[in-house]
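Visitor: I'd like to go through this protein and hear what stands behind each label. Can we take it term by term?

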Amino acid sequence: LALSGGTAHATNGPKLTAVGPRAAGRGGVDYAYSDDGIGPYNNPAGMAFVYGNRVDNNWAVIHTDTTWTLNDLDGFTSELNNTKQLFIPVPALSFGATFDPTHSWEVWNVFKLGTWGLDEEPSAEELEALAGMSDEELRYGSRLRLGFGVFPVSGGKVKLDNMLTAGFGTPGNRRPVDWEANVQAVGITPSIAFRFAPWISAGISLQIIHSSFELDGGIAQPSSVLRDDFELANTILSINPQVITEADLDDAFTWGLSWRAGIMLQPADFLSIGLIYQDRSYSADYLGRALVDSTDEINRLTNGNPSLLQLVDPAVDPSRGFTSEYDLRIQDYEFPRQFGLGFVLRPHRRVSFGFDYTFIAWKEVSRTFKVRLSNGSNPNMEIIVGSSIPVRVPLRFKNQHVFAFGLSVLALEGDEIVEGVPAWSLMLRAGYNWAENPIPNNTTLPQVPAITEHHASGGFSLTVGPYLEFSFAVEHAFRLKELEVGNHIGDYTLANASQDVKLWFFHFGMGVNF
């Protein structure tokens, strides 16, 4: 499981547009398709229309290009802060399998290259079993399916090196700070599906979620975080509306639960319809450690003379500095509900058109980022801000509408090994995905650039015989430049900034029928 859980990267807000190269090549369209082992993630009901047993494993290489530029703040213009990262989730992005409990495993036939065992005469028992099967069973297998997978739920990895803001250093001598986020949420997903009739099935997946969280950079809080006598000492201290500190939140993790249910309808060979409901996650608080450096804020507060703090409370000892390590608790950080509807039209056996609509309820779970710090290592900070510090960062995400369109074309086929089974085939795919940006301009953060809207993709699958398939897809999230409007409500030092983001995804996959 650990090997299967690589870091994903945000596209539809902080969620992926697609899991697996088949769906990625179609722009994320997958609710009404039932053609691989990724069913436990996309629409578990589709497993009931996948014949036999199948396993899929998918890898990804991701390239990010993100910039954040600050404009004319307290007499300086920042350098261009840029990150260009190429990283590989090691070793896999997702793994999925579907099983027909009545279908015998044909593992050894996978190694019989060329004929794949199809030229062998069936035994009397096999002929008798085939003779007793209905047309539905011959086409789809039994009505019950079991599934299992390890899939990304949400996440992203971004690092802006040596970023300059007005929060750190002094005018004319700004101190560079790295702003970084690394969030990973992986779902372990046992699933079940049942086909009630040849044209309808239902399925459900349980998601056991493991999530980790790291965040570096500036954190702004209202001056009310200071102890009352420090906040009110404005005759000797320079009190600003916000307090800016450098924070390094590391190694926070949690476990949680969620579930996804789906329905698949196939009223005719030319039409499939899929519906899904994804519940929000229910997680325990993330627990970890945080290192908070308040040195620059204390210098601003005291005009470079920290001994002034002793006039408010003599217990403050400037020689201890103003950096402290805390126990960290991230509260109410959850992943959102989703509703999805998809259609697939097949005007010809070689051609299919797909459409998916998804509603993501970010507003329910991403209003405020909540952290509590406690058990600090530096007595100075306990004197100034207390022993337990609530940290609140406004997010104010909006609900998101996602529209995806995909085209699949069976371009080439080899000669038939036996009737209906070509020696090889080549499927080509193309797709487009538009996801309305859910993050307001005045709360977006440099290290969470989940603002891209337009995505184009393409890919192919090469099927070899009846058992092996190799797939590839490339997805591009087009550059989006977002300008801050007025003041940034979360951090005044990020006001009047611009952010550029573009992403490239390269998906590789292998599927095996057995």
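What follows is a chat about rings, charges, strands and surface in this model.

Guide: First, the ground rules: this is a predicted model, where local features need pLDDT of at least 70, side-chain atom pairs count only at pLDDT 80 or more, and totals for chains, interfaces and linings use all residues. Residues are numbered from 1 along each chain as its sequence is written, and side-chain values use heavy atoms, with hydrogens and water left out.

Visitor: What makes F213 and Y333 an edge-to-face pair?

Guide: Rings of Phe, Tyr and Trp (its six-membered ring) pair if their centres lie within 6.5 Å; planes under 30 degrees apart are stacked, over 60 edge-to-face, and the rest tilted. A search of the whole structure turns up 24 aromatic pairs. For F213 and Y333 the centres are 5.3 Å apart and the planes stand at 80°, so the pair is edge-to-face.

Visitor: Why say that this pair ties parts of the chain together?

Guide: F213 sits in strand β9 (residues 200–222) and Y333 in the loop between β14 (323–331) and β15 (338–348), so the pair ties together parts 120 residues apart in sequence. Helices (H or I, at least four residues) and strands (E, at least two) are DSSP runs, numbered from the N terminus. F213 and Y333 also belong to one aromatic cluster with Y286, F335 and F369.

Visitor: Are F213 and Y333 buried or exposed?

Guide: Buried means under 20% relative accessible area, exposed over 50%, and partly exposed in between (1.4 Å probe, protein chains only). F213 has 4%, so it is buried. Y333 has 23%, so it counts as partly exposed.

Visitor: And why is the pair of F460 and F472 called tilted?

Guide: The planes of F460 and F472 are 40° apart, with 6.0 Å centre to centre, so by the cut-offs the pair is neither stacked nor edge-to-face. F460 lies in strand β23 (residues 454–464) and F472 in strand β24 (residues 468–483), 12 residues apart. F460 has 34% relative accessibility, so it counts as partly exposed, and so does F472 at 24%.

Visitor: How do you know that R26 lies over the face of Y33?

Guide: A charge sits over a ring if NZ of Lys or CZ of Arg is within 6 Å of the ring centre and within 35 degrees of the ring normal. R26 is 3.7 Å from the ring centre of Y33. The charged end of R260 likewise sits over the ring of Y41, 5.2 Å from its centre.

Visitor: Which residue does D269 bridge to?

Guide: D269 bridges to R139, with 2.9 Å between the closest N and O atoms. D269 lies in the loop between β10 and β11 and R139 in helix α3 (residues 135–140), so the pair ties together parts 130 residues apart in sequence. D269 has 55% relative accessible area, so it is exposed, while R139 at 47% counts as partly exposed.

Visitor: Why is strand β11 described as largely enclosed?

Guide: In β11 (residues 271–278), 6 of the 8 residues are buried, so the strand is largely enclosed by the rest of the structure.

Visitor: Which strands pair with β11?

Guide: Two strands pair if DSSP finds at least two bridges between them. β10 (residues 242–268) and β11 have 7 bridges, in the antiparallel sense, and a hairpin joins β10 to β11 through 2 residues. M264 has G274 in β11 as its bridge partner. β11 and β15 also pair antiparallel, over 8 bridges, with L275 standing opposite L341 in β15.

Visitor: What makes N375 worth a look?

Guide: Most residues other than glycine have a negative phi. Phi of N375 is near 55°, a positive value in a non-glycine residue. N375 sits in the loop between β17 (368–374) and α8 (379–385), and at 53% it counts as exposed.

Conventions: Salt bridge = Lys/Arg side-chain N within 4 Å of Asp/Glu carboxyl O.
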